[in-house]
Amino acid sequence: VLRSDVEPEDWAEARDLERRFRKALSALHPARRDVIELVRLRGLTHQEAAEALGLAPQTVANRITLALADLRVLLADLLPQLVDEDQAQRGRESNDG
């Protein structure tokens with residue numbers, strides 16, 4: 001759904017971030033990518049993902065930890081930008097209240 005209050009440049013940036021995230025996700029080891037997709041993108045619990053993959057819930061948790069560490073490395077150049085934007089957004093929200 002397109003929002004009228006969002007600038008076209010913001011949509012382009014969001015599409016670029018999504019493209020970069022998908023590329024980083026595809027670079028993960030398949031076992032790590034699977035748990036990220038199930039838990040973080042599809043919203044399954046660790047238990048549900050463990051059952052779907054035939055793993056122990058702790059194995060799912062461990063793989064998520066490793067996958068997130070991998071993603072931090074793969075997307076390291078974006079992290080300062082994302083943190084800065086998040087802080088700016090929070091500042092705007094607190095000023096609106």
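This tour moves through the structure from overall confidence to the salt bridges and then to one pair of packed helices.

**Confidence**

Begin by colouring the whole protein by pLDDT, since this is a predicted model. The average pLDDT is 83, and 73% of the residues score at least 70. Select helix α3, residues 46-53: its mean pLDDT of 97 is the highest among the elements of the protein. Now select helix α5, residues 79-96, where the mean falls to the lowest value, 59. Where pLDDT is low, the predicted coordinates should not be read in detail.

**Three salt bridges**

How many salt bridges does a search of the whole structure find? There are three, and each can be visited in turn.

Select D16 and R19 and display their side chains. They meet in a salt bridge, with N and O 2.6 Å apart. Both residues belong to helix α1, residues 8-27, and because they are three residues apart there, about one helical turn separates them. D16 is partly exposed, at 33% relative accessibility; R19 is also partly exposed, at 47%.

Next, select R20 and D77. These two residues form a salt bridge whose closest N and O atoms are 2.8 Å apart. This pair links distant parts of the chain, for R20 lies in helix α1 and D77 in the loop between α4 and α5, 57 residues apart. Is D77 buried or exposed? With a relative accessible area of 52%, D77 is exposed, whereas R20, at 21%, counts as partly exposed.

Then select R32 and D70, which form a salt bridge with 2.6 Å between the closest N and O atoms.

**Helices α2 and α4**

Two packed helices are described by the angle between their axes and the distance between the axes. The axes of α2 and α4 come within 8 Å and cross at roughly 100°. The two helices are therefore roughly perpendicular to each other.

Finally, select the residues in contact. On the α2 side they are A31, R32, V35, I36, V39 and R40; on the α4 side they are V60, R63, I64, L66, A67, L68 and D70. By class, this contact has nine nonpolar, four charged and no polar residues.

Technical notes: Residues numbered from 1 in each chain as written. Predicted model: local features only at pLDDT ≥ 70, side-chain atom pairs only at ≥ 80, totals over all residues. Heavy atoms only, no water. pLDDT = per-residue confidence, 0-100. Helix = DSSP H or I, 4+ residues; strand = E, 2+ residues; numbered from the N terminus. Salt bridge = Lys/Arg side-chain N within 4 Å of Asp/Glu carboxyl O. Buried < 20%, exposed > 50% of the residue type's maximum accessible area, 1.4 Å probe, protein only. Axes fitted to C-alpha atoms, helices over the stretch in contact; angles between N-to-C directions. Parallel < 35°, antiparallel > 145°, perpendicular 65-115°, else oblique. Contact = heavy atoms within 4.5 Å. Nonpolar A, V, L, I, M, F, W, Y, C, P; charged D, E, K, R; others polar.
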